[in-house]
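Trainee: Could we go through this structure together? I would like to begin with the overall layout and then turn to particular residues.

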Amino acid sequence: MKRLFALAGLLAAACVGAAALPAGTEDEMRARIAPVGTSCMETDDVCGDVAAAPVRPPETVAEAAVPLTGEQIYDRFCFACHATGVGNAPLLHDAEQWAPRVAKGMDVMLQTSMTGMGAMPPKGTCMACSEEEMVAAIEYLIGG
């Protein structure tokens, strides 16, 4: 039993020694995991030490970001199915597979990409993509 306690003591001492952090590290960690903001009622004059700001809807990702190219959208969202043909997805740049879809026109292809079809979810999971970005993705997929 004494050996067990001695071993536990050695392990605890090793852990304490290994857990020693450079000065200021704990404060930096606390700052990184601190809450981003606080909640206030619109009628509050003061929220904590900060005066209540006027309420404004947040920007969407699409508004704040630079539009993605068709290739970027394909590389992030479309490749898993369109590189392998999962769920009968037409392959990237395969003119024969894309021909029946292209014949229906860009408006139909855009509508299908926006709402989804078969195994393809709406927007191919790129929920922040605009219609213009989806057109760019379609044009990239068909090789245009």
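Mentor: We shall take the overall layout, then a helix contact, then several individual residues. Please keep in mind that this is a predicted model.

Trainee: How many helices and strands does the protein have?

Mentor: There are seven helices and two strands. Along the sequence they follow the pattern α-α-β-β-α-α-α-α-α.

Trainee: And what percentage of the residues is buried?

Mentor: Of the 144 residues in the protein, 17% are buried. As for contacts between residues at least 6 apart in sequence, 44% of them join residues at least 24 apart.

Trainee: Moving to aromatics, how many aromatic pairs does a search of the whole structure find?

Mentor: The search finds one aromatic pair. It consists of Tyr 74 and Tyr 140, whose ring centres are 5.6 Å apart and whose planes stand at 55°.

Trainee: Why is the pair of Tyr 74 and Tyr 140 called tilted?

Mentor: Planes under 30 degrees apart would count as stacked and planes over 60 as edge-to-face, with the rest called tilted. The planes of Tyr 74 and Tyr 140 are at 55°, so this pair is tilted.

Trainee: Where do Tyr 74 and Tyr 140 lie?

Mentor: Tyr 74 is in helix H4, residues 70–82, and Tyr 140 is in helix H7, residues 131–142, so the pair ties together parts that are 66 residues apart in sequence.

Trainee: Is Tyr 74 buried or exposed?

Mentor: Tyr 74 is buried, because its relative accessibility is 7% and the cut-off for buried is under 20%.

Trainee: How do the axes of H4 and H7 cross?

Mentor: Two packed helices are described by the angle and the distance between their axes. The axes of H4 and H7 come within 9 Å and cross at roughly 65°, and the crossing is right-handed.

Trainee: Which residues meet there?

Mentor: From H4, the residues are Gly 70, Glu 71, Ile 73, Tyr 74, Cys 78 and His 82; from H7, they are Glu 133, Ala 136, Ala 137, Tyr 140 and Leu 141. This contact of H4 with H7 comprises seven nonpolar, two polar and two charged residues.

Trainee: Changing topic, which residue lies over the face of Trp 98?

Mentor: That residue is Arg 101, at 6.0 Å from the ring centre of Trp 98.

Trainee: How accessible are Asn 88 and His 93?

Mentor: Asn 88 is exposed, with a relative accessible area of 69%, whereas His 93 is partly exposed, at 39%.

Technical notes:
Residues are numbered from 1 along each chain as its sequence is written. This is a predicted model: local features need pLDDT of at least 70, side-chain atom pairs count only at pLDDT 80 or more; totals for chains, interfaces and linings use all residues. Side-chain values use heavy atoms; hydrogens and water are left out. Rings of Phe, Tyr and Trp (its six-membered ring) pair if their centres lie within 6.5 Å; planes under 30 degrees apart count as stacked, over 60 as edge-to-face and the rest as tilted. Helices (H or I, at least four residues) and strands (E, at least two) are DSSP runs, numbered from the N terminus. Buried means under 20% relative accessible area, exposed over 50%, partly exposed in between (1.4 Å probe, protein chains only). A charge sits over a ring if NZ of Lys or CZ of Arg is within 6 Å of the ring centre and within 35 degrees of the ring normal. Axes are lines fitted to C-alpha atoms, for helices over the stretch in contact, and angles run from 0 to 180 degrees between N-to-C directions. A crossing is left-handed if the near helix is turned anticlockwise from the far one by less than a right angle, and right-handed if clockwise. Contact means heavy atoms within 4.5 Å. Ala, Val, Leu, Ile, Met, Phe, Trp, Tyr, Cys and Pro count as nonpolar, Asp, Glu, Lys and Arg as charged, and the others, Gly among them, as polar.
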